[in-house]
Amino acid sequence: MDEIVKIKNLTIKDDKDNILVSNVSLNIKKGEIFGLVGESGSGKTLTAKSIINLLPDNLVYNADLIETVGMNMDNISAREKRELIGKNIGFIPQNTIFFLHPMIKIKNQIADGYIEHMKKSKKEALDKAAILLGKVGFDEPRSILNYYPWQLSGGMRQRVNIAMALMNEPKLIIADEPTTALDSTIQRQVVDLFKTINEELGISILLISHDLALVKHYSKKIAVMYAGQIVESGIADDIFSNPKHPYTQSLMKIIPTFNMKKDERLSEIPGFVQETGRGNAGCIFKNRCPEAMDICSEKVMEHNIENEHYYKCNLED
Amino acid sequence: MAKKKETFYKNSSMIIGLILVSCVLLICILSYFYMPYEPNEMNISDRFIKPSDNSEYILGTDNFGRDILSRIMIGSRTVLTVGIGSVCIGAFIGIALGALSAQFKRVVGSAIMRVMDGLMAFPGILLAMMLVTVVGRGAQGSIIAISIFMIPTFARLVNSMMLDTESLLYIKAAKSYGSTNMQIFFKHFIPAMLPKLITQFSSAVGSAVMIETSLSFLGLGIQPPNASWGLMLSEARQFFLQYPYLAVAPGIAIIMTVLGFNLIGDGLNDLLIKRRSKA
Amino acid sequence: MLNYILSRFKSSIVVLFVVSIITFAVLMIIPGDPAQLILGTEATPDVVQELHSAMGLDKPLYEQYGNWLINLLKFDMGTSYLYGESVTTLILNCLPITLSVALYSMIIATIIAFIFGIISAIKKDSVIDYFSRSIMQLGTAIPSFWIGMVFVVFFGLKLKWFPISGYVPASESFLGFIKSITMPSVVLAIGEFGLLLRIIRSSMQESISQDYMDMAKVKGLSMGKIYLKYALRGAMVAPLTIIGMQFAKLVGGTTVVETVFALPGLGRLVLTAVEHRDIVLLQGLVMFITSSVILITFIVDILIMFMNPRIKTFERGE
């Protein structure tokens, strides 16, 4: 089993039948860092949440296949799902402060999943936690255990979360906008940490971000989402050197580079991400695309070129 | 779908509250026009008639042969007068005090609020009982006692609401172009506070009725031979073993009234909060 | 932290002070001469005047208040007209009964409220949720004296499960003690559980909607554990405050129940004092009960403070 996550044609609707995510497919291989890129509202967090069964109650999802660690999620019970996710996936959310219980000390939250799944004693669990806290960069892991979450800074909490996610030696870590709430100096540290984890322990990482520069630097494969659909995906290097979709191309232009001239404007993509009509047959990017054609309202061609490079566009190259 | 169930529940409880209160109000109004019998008229030969026995007395008669239905009807007058009246008085004074203390924040305001805190520290029945000792029993005493009990709640509510909205821009603007404080109070503060005040009012009536009936039950409220539902229950107590029906009507009357006002109060609370979050 | 305790202490003292003034003032307004009341109508004016002076009633009001206050601090609340005994003794005799009933009813109310409140919150909009909310409304609307009477007849006389009146001290027979306070406590609990249930329900709902619940789910913990460890802990602050408040108020609110069930507690004593216009007794009782309310509220606030590691404002980055 090479793939940790396999999603085929995932569609997510809300209770008013609006389509939020449409026909998303992606595969994350073992030991791979997969970057999921898109603006806010593009559906990337929702896609990730459907892997770990955290979709809000008012949303319904439908997929040809959601397979996690080789298990088809449809075929197992809720309890088995929880166990599977708990044992094999670690989640690092965007705003850690809300995800750690404010009234419980770190030592009493960080290890409970480990104790439950691995059937270890509290002492063993805390020993392991201390080791992991050391690995994520804390000088005094034991003292961190005695703190409450609000006594730590954002960066420290992020690292606690990473340690917590590593407790069960997961096969996959989902990191949702791991750097958005952090200072730029800490951002670097945190994502380097991800890289180390991936290289040393072989853990796959689903890196979700709107920060293209970040994703470019650290991912092996990426998928670009726009308005609930994947418009382009493939090997990162390939896509960055040869973006095919107009949206991806526009995104590339936005990355501020050190080569920018002093007064050169950051280019913008005019328009807004549309909320409705995401299930239509035509191209979802049409009303913002600088190269839109009439046919783009009716259908959109899918291309699969070499190096697993996939994109949706009517433009012939 | 769950939302629909929820709104249905909330609306239906408000409607039930309105129905209950309307019934009680109707009975009260009706009492001024027609009562089957003279409520205080004793008829020893007709004592202890059960409701099922006799079609002449719909709810039966009590230990003195008085018609229970008529007594319930006339009792509704006292209950509503005392209940609503005391809340009106208490609210009026409380709002005035609250506004005053918001206006003169430092010395006077603090002092007033401290006194309000003091008043609120007394458990309800205890305060009422203490006041009744001073002002006397009967309807008048009850109204005074319960009004005083209600003052701090309204005073604190108004005080905090006014202090909250006072720093809002439009109030400052109004002050700057010379409106007097009284004008600002009536034109701006009162409308803003009205939803919460009305909600509080309704719940307060529920409490007031509960306290009044408790006082009457203890013998500190309405005095015999007048009728109050609490008094009727206390009178029924001696004979309750043999004649349990005596307690049914007054008990249900009290429950209906208190429940009705409480449901309306809660319903208003939901309605007005919902409206505010939409706006 | 110390600042908080000090400030709460300061305001409690101020409130106590105000309460003492109100208590003293209100009962001093009563028309009629206490000395006259004690001696009755047949006493000659001279004798009345003598007692009047002996009781210090011709001193200026503020001096009377001062003396009363000082005596209070020495736990001397004077002598009751009616009973001729020290008010303090009377209160201490009646206190255990009222405390037992208040405590027992608080326990019952808390258990009911927690069970239904938590289930209501977890299974929102289910049948049990609507059921809980309905009985909650009903409970607060039912007069305690009415349901008390019903209980006396039904459980006491018909089913003979409990004694219909009277108090059995725990020293005599523990089972008898429990039996004698069960009905009154249940009756009180019916009136109390409503508010608590509502608070627990809304508190739990809010806790359940927090993000830490998601994290617990991803870690794969069982739902039961998640609700008990994470949801409940986040929901405890408001309910505990209410429990404290309600218990405090109960101590002063047992009059009706004690009357219906003939329990010789503080509530009944207050009623007697009011009926006989025993000012000294009444002043002492009101002061004692209200001070207890303020004390209990203060203690509860401090306990809550320890329970709730204060949440600092969230920082962004470092």
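Select chains B and C together: the contact between them takes 40 residues from chain B and 38 residues from chain C, where two residues are in contact if their C-beta atoms, placed from the backbone, lie within 7 Å. This is a predicted model, in which local features need pLDDT of at least 70 and side-chain atom pairs count only at pLDDT 80 or more, while totals for chains, interfaces and linings use all residues. Residues are numbered from 1 along each chain as its sequence is written, and chains are lettered from A and ligands numbered from 1 in the order in which they are written.

Colour the side of chain C that touches chain B: α1(C) gives the largest share, 7 residues. Helices are DSSP runs of H or I of at least four residues, and strands are runs of E of at least two, numbered from the N terminus.

Remain in chain C and select α7(C) with α8(C) (residues 174–208). Their axes, lines fitted to C-alpha atoms over the stretch in contact, come within 10 Å and cross at roughly 140 degrees, with angles run from 0 to 180 degrees between N-to-C directions. Display the residues that make this contact, among them F151(C) and F155(C) of α7(C) and V187(C) and L188(C) of α8(C).

Move to chain A and select the open sheet of 8 strands, ordered β7-β8-β9-β3-β10-β11-β13-β12 with mixed pairing; two strands pair if DSSP finds at least two bridges between them. β7 (89–92) and β12 (302–305) stand at the edges, each with a single partner strand, so one side of each is left without a neighbour in the sheet. Within the sheet, β3 (residues 33–37) runs parallel to β9 (residues 204–209), joined by 5 bridges. Finally, centre on I33(A), which stands opposite I205(A) in β9(A).
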